[in-house]
Amino acid sequence: MTAYLTMRDKTLKTGAWTSKVLKGGAMIHPTQTDGCSRGVIVVMMARAIMADYPNLPVMDFSTSKENMEQERRQMALEILEVSEMDQQNTCSMCAAFRPPEKRRKAQTNWICCDTCDRWFHTSCITMNEKDFDVAKNKDWFCCLCD
């Protein structure tokens, strides 16, 4: 680690990293309570570390199923907002031509946002057939434009 920081300082000519005295320690942080939120928790921890640097952050966020779903959705929205993809041929949620769970099915419902022109598989945005039938006959707005 020290070698990397020294190399970085020589490249950037700042001295900002090698002038720091690093010392060991432990951070108290929330733990994962399910089998699928590790990445979300790591990103939340990294954000807390960057926000409080050089001090140790206080990490008291909830790792409940509901909070992890909300955080995962917020991260997806942030990624979507800055993403540039082939919006005419791929789903703006999963970035694939066919939704992940329907790779073998020939029929897939798509819906286009009337504001930003992004296309979505209805299954990727958890839109059921009834909601799809209503939405396709009126203006529909995606989660970014709603």
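Leu56 counts as exposed because its relative accessibility is 59% (exposed is over 50% relative accessible area, buried under 20%, partly exposed in between, with a 1.4 Å probe and protein chains only). This is a predicted model, where local features need pLDDT of at least 70, side-chain atom pairs count only at pLDDT 80 or more, and totals for chains, interfaces and linings use all residues. Residues are numbered from 1 along each chain as its sequence is written, and side-chain values use heavy atoms, leaving out hydrogens and water.

**Overall layout**
- You get 4 helices and 2 strands here (DSSP runs numbered from the N terminus: H or I of at least four residues for helices, E of at least two for strands).
- Along the sequence, the pattern runs α-α-α-β-β-α.
- Of the 146 residues, 27% count as buried.

**The loop between H2 and H3**
- Leu56 sits in the loop between helix H2 (38-52) and helix H3 (65-82).

**Positive phi values**
- Asp117, in the loop between strand E1 (110-112) and strand E2 (119-121), has a positive phi near 65°.
- Asp117 is partly exposed because its relative accessible area is 43%.
- Thr126 has a positive phi near 50° and lies in the loop between E2 and helix H4 (129-135).
- With a relative accessible area of 71%, Thr126 is exposed.
- For background, most residues other than glycine have a negative phi, and most peptide bonds are trans.
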